[in-house]
Structure formats: structure tokens, C-alpha cells
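Please open the structure in a viewer and keep the selection tool at hand.

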Amino acid sequence: MSGTPAEMLAIYPEAPPPDLARTLDLAGYRWKAVSGADDVVRNEPPAGWAGAVVSTDTDPEGAWALCRALRKRDVPVAPLLLLVGGGQLAELALRDELFDDFCLTPFHPVELEARLRHLLWKGGGGVKPDVVEYSELALNVETYQASIEGRPLDLTYMEYELLKFLAQNPGKVFTRELLLSRVWGYEYYGGARTVDVHIRRLRAKLGEEHQNLIQTVRSVGYRFGQSRWG
Amino acid sequence: MNEQQRNYVLHTVEERGVRLVRLWFTDVLGNLKSFAISPAELENALEDGMTFDGSSIDGFSRVQESDVLAVPDPNTFEVLPWGDPKNAEARVFCDIHNLDGTPFEGDPRQVLRRNLEAARSMGLTFYVAPDMEFFYFAPPVRGQAPEPLDEAGFFDLIASDVSGSLRKQTIRTLEAMGIPVEYSFHEDSPSQHEIDLRHNDVLSMADSIMTFRLVVKEVAASQGVYASFMPKPLEGVQGSGMHVHLSLFNGEDNAFYSADDDYNLSPIAKQFMAGLLRHAAEITAVTNQTVNSYKRLVPGFEAPVHISWARNNRSGLIRVPIPKKGNPSATRIEYRSPDPACNPYLAFSVLLAAGMRGVREEYELPAEADANLFQMDDAQLLKLGIDQIPSSLGDALRVMEDSSLVAEALGEHIFEWFLRNKRNEWRAYKAHVSSFEYDRYLRSL
């Protein structure tokens, strides 16, 4: 599992329609145009592709070939948004597995942006990071795995949930009550002492060098990482 | 069951390449039992439990109704920190159920869950912290007294510190398994060690003690050494106890603390102590369940003999430690008779039941006994109204037999099985002719 989330979109054809490039730029997406399946492999960013937008307008045959190639990889590129002209709609038949959604050309920029945002949200990739990192600590929220200095940390479910909550909010001080309500839920009966017990267990598992990742803030609660105010 | 918790466990098994999942549970005598399943079966086990034949387990089913269900508690799922990381193994504690889904009455973990309700119904959480004592020996030879690894004393540092490095490795393993250690040191006797665990809620702690005993023995065995929790393994030196620090919490607040009291003890604390003292004799067979346990509970070795309490007197059954810097949340009592060979689920069950009986019925706490009770004769003790802890397993069983409190706390199934099993142990011991008798009588009589 790579450390940083994928954020680069693959765009086809290599000379993308200008309104597509402009819409993506204005919406703040990072993209790279590709000429075909080989190019997708050659130019793949280290974190992988976050998704693809494929236009069938200029070269329908090349576009479908690319879609097939993207889907046949060990880790298929997804989500895949297709741009099709009204006259090509019949070509979508029996090709449902090759794309996740489509947009009619000429497209409305707001519609394209909305469809793309929704696709990326649904897939959980791209814009929503699935790895939380702080210093030597990494938490993969997709696979529920945690590691420190690349060494896996074996946590129980509640230890993992507590560490995830803290690591997602570094530098902030939380009271025990707040941690209890956010991580365990209000109905949990054990009381705020439970939080202390789990913090102590987490520190034990983080090991001596890293146990001060979780700081005790006297008579308030706990803070993960350095204070925001240095 | 919580869907996310289950997913967490299943994901971890997949991501860490876990090859074997060990389902752990405990028999009535406190032995850890385990059977292994493959990861493919885990999802099904989490959902429906795994059926097994309970009649093979000490104190479980009668033969005619032998099948029971082991249902994993996903909260306790841990990848084991020892063994080959490429073939990782994990463990999960189980609750045992009858096939119809009701809690199985022979399962000590379920017994403790049931006893927890007494405190829970009053909004209280029961916290415990045990001081675990044990010995390291050279591998035992049948029929011979065990051989200590060193002759060092209390807090000593010795040159070739084999047992010290064992202790360190043990602590690292415990911490990696989420069992935080508060202190550890070389105890009074040769080769004796103490590891004090940090307080936790009582069910988690009973699980932790089961893990603790395994870790101590496994680490020792990996170095060709034998670790033993036998209460009195060596004649003439201190035995191994398991002092239990107890407190009740009401949310954030320590329910044992009161600012207005001379001892800083709340009425609940005093009633709880009174309950423990009044029922101490009845619960002793559970907290000290072997013939050998009673060889530790003799005068002169820092083990309690008298049913009394005091702040700084270690000869009594209950000590009230003075918390550091008057920290209210550290207010607790220390119950000193249990030994580490007990079944922690059952021992905690009877401690909680005795204490809560005192709270419910508002027992009066007797006066503090701050004199050294070992120096008093029976007449003086009688005048103070101070009884003694049962002096043998036989005595302890006779008191337990008549105790409705223990019968209720353990449930009829375990209560009867335990008495039957332990009476047999006592009978076998009574029939044994020991070297003490040969030495003393063979030639002179």
C-alpha cells in the first residue's frame, strides 16, 4: 500500500478537448493526458491513477480500447468517466463494465464537475485520503492497518479507532469525555477511565521511542503530536 | 455484533497474513484452553460461534448435554507478537454459550460478566490491578525440590542477570500485547519476581492475567527456564501472591474517595471493605484454590493470616495504601490473600460479590488493626474480634460449602463442580504420606 493517496487523473485523448482541460483546471483537479494503454503504464504516478476521463469524440475505437485496457489491469483504474456525443449513445450498449458514469457532449462544466466529484467520493479514492500519516506513524483507514517506522502495529479495534481519531486531528487537545463520545459513543458504559486505559495501552504498543506521540495535557485530556502553537 | 468491529478483525487477518486464529477460553480451575481455526472459518465463527464438545473441558458440561458454542469477543482480537511473522497467529477470547444462545453456566468468563452487573446496575465500574509474583527455576525434575536460578534478594542487581533479562523480555511482550506494566522487580526470595499490572476494568484484567501467565511461561521456556506460579514452591522463603488493588469508579470519580474522612475513604469504600472482611473466609477456597496455597498463608512471610484491615500494616488481609500526593483517583484497597494460581475470573467474581454485598446491606467496617497481629496471642485476637483466614484447603472448603454468597456468585453449576473437584484434591492430599513424616517419625517411632 503506497504512502500517499492517488490524486492524478488520466485524460484521453492526448490532445484533450480544450473545454475539458479548462473545467478540470478550474475545479482544481490534477491531470495528465495519455495517448493510449502503454502511455497509461509509462506515465503512471507513484501513487497510481485516481481515475480517468475518456472522451470518445475524436477516436471512438482508441477510446474503447483504452477503457478495456484500464479495466483489465490487476488494479483497474477507477472511477472512469466517459464523454460521449449524442450520436454515439448506442455504442454504450453491452459495454457497461467499461465505465462508471458518462456525460453527454457538449457537456456543461458544472455537470461534469458534479459527476466527477460524486464518482471520486463513491470510490473513496482520489480526494478522500485513505492513509493518515503523522511523522513515522501511518494508518490506512481502508484496510484498518497501522504501522510505525514501517513496522506493523497490532492493535485491538478500539485502540485502532482511538489512534485514528487522534491522528486525524493532530495538535488538538481533547478531553476524555469528548474522546469517549466520539470514539466509543455516548452509550458506552465504562466511563472516562476507559480512555486512560486505552491511551496507556496505545503508548505501550507504540514503544518507548514513540509513546510521546500521545501527550497528556494536565487536567484537560490528551493531544496527539505537537501543539499547533509550537 | 458491531459490524465494524467484525470487519476490523477480518481485514486484519487478511492484511497481516494471519494463518491461524486461536480461540481462547478458561476452564473452571483457571487453565487456559485453546483451539485453532483457519482464517476461512473466522467469519462464520464471529457470526455464529464454533461448536465443540464441552465434556472434554474440566468443569464444563455433563456428558449428556455436552456440546457448547465458543463465541469470539472481537474486542480481544490480537495478533500474537511471538512466532514467525510470515505465518502470523492471532488469538481471541471467547464467551461460551449453550446451543440455544444463552450464556453457558460453566464458563468462568460468563460468571464474571454476570457479577459485573451488580456494580453496573449502580452505575459503578470495577477496576483492578494485580501484583503478580512468580519464580524462575531450572527445568523441574520429578520428585525433587525446584532449583532457583539465582540467590539474589529483594531489588538486587546481579552480575549475570539471566532472570532479569527474562523479565525484561517478558515485559516487552506484555506491552506489545496491550498489557501495560506499572512496576517490576526482583522479589524477596531467590529467583522470585514481581510484575505489577496497571489497573484496568475487571473483565479485561482477568483476560490479561490469562495472557500474562502464558507470556511469562512462554518467554521462560524459550530460554530453557521454567516459570511457576505455584503459591509456595520453596520452603522457608516467601511464596508467590497476587495482591489485588481494587477500586470502584462512578464515571470520572473514584467512588472510594472522600475528602471529608480521616482515612479519605467514602462510605462505599468502607462498606465494600466490610463486605470483603465478613465474607473473606467463605471466598478463600476460590482465591486460594490449591493445597499448596495454604502453605503461603502462614505467619512470618508477609502473607496475611488474619482477617483485618489497616493502612500501613502488611500483616492484615486488606491494606489501604496512601495514594501518591493525595491523588483522589488513586484511592484503592489492596486485598492481599489471593495467589496467582487462582482462576482470575472466579476470584474477581467472589471479591466483587463480597464487596457489593457489604455496600448493598451497608455493613459496618470494624476498627483498623494497626498493631502487628503476628505478635498477638489468640486471646488478644479474640478480644479484638479478629478471625483467621482458613488454614487449609479442607477448612476453606467447609466454610465455602455453607456460603450462599459464593453459591450465588459462582452459580450452582460451578459451585458444585468446584467443591466436588477440590474435595477430591483435599482427600488425595490427606492420604499422601510426605517426607516430613518420614523424617520425623520413621526412625523415632
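Select chain A to begin: 7 helices and 12 strands are found in this chain. The model is a predicted one. Of the 230 residues in chain A, 33% count as buried. Among the contacts of chain A that join residues at least 6 apart in sequence, 57% are between residues at least 24 apart.

Next, hide chain A and select chain B. Chain B holds 12 helices and 16 strands. Its radius of gyration is 22 Å, close to the 22 Å given by the globule rule for 445 residues, so chain B is as compact as a globular protein of that length. The C-alpha trace of chain B spans about 65 × 55 × 50 Å along its principal axes. Buried residues make up 47% of the 445 residues of chain B. Of the contacts in chain B with a separation of 6 or more, 70% are accounted for by residues 24 or more positions apart.

Now display both chains together and turn to the place where they touch. Here 26 residues of chain B are in contact with 20 residues of chain A. Which elements of chain B each supply at least two residues of the side that touches chain A? They are α1 (3–15), β5 (78–79), β7 (125–137), α4 (162–176) and β10 (200–201) of chain B. Coloured by type, the residues of the side of chain B that touches chain A divide into 9 nonpolar, 9 polar and 8 charged.

For the last stop, select residues 393–401 and 404–430 of chain B, which are helices α10 and α11. The axes of these two helices come within 10 Å and cross at roughly 150 degrees. That angle makes α10(B) roughly antiparallel to α11(B), because angles over 145 degrees count as such. The crossing of α10(B) and α11(B) is left-handed. Show the side chains at the contact: α10(B) contributes L393(B), G394(B), L397(B), M400(B) and E401(B). Facing them, α11(B) contributes V406(B), L419(B), K422(B), R423(B), E425(B) and W426(B). The residues of this contact between α10(B) and α11(B) divide into 6 nonpolar, 1 polar and 4 charged.

Conventions: Residues are numbered from 1 along each chain as its sequence is written. Chains are lettered from A and ligands numbered from 1 in the order in which they are written. This is a predicted model: local features need pLDDT of at least 70, side-chain atom pairs count only at pLDDT 80 or more; totals for chains, interfaces and linings use all residues. Two residues are in contact if their C-beta atoms, placed from the backbone, lie within 7 Å. Helices (H or I, at least four residues) and strands (E, at least two) are DSSP runs, numbered from the N terminus. Ala, Val, Leu, Ile, Met, Phe, Trp, Tyr, Cys and Pro count as nonpolar, Asp, Glu, Lys and Arg as charged, and the others, Gly among them, as polar. Axes are lines fitted to C-alpha atoms, for helices over the stretch in contact, and angles run from 0 to 180 degrees between N-to-C directions. Angles under 35 degrees count as roughly parallel, over 145 as roughly antiparallel, 65 to 115 as roughly perpendicular and the rest as oblique. A crossing is left-handed if the near helix is turned anticlockwise from the far one by less than a right angle, and right-handed if clockwise. A residue is buried if 20 or more other C-beta atoms lie within 10 Å of its own, exposed if 12 or fewer, and partly exposed in between; C-beta atoms are placed from the backbone. The radius of gyration is taken over C-alpha atoms; the globule rule is 2.2 Å times the number of residues to the power 0.38.
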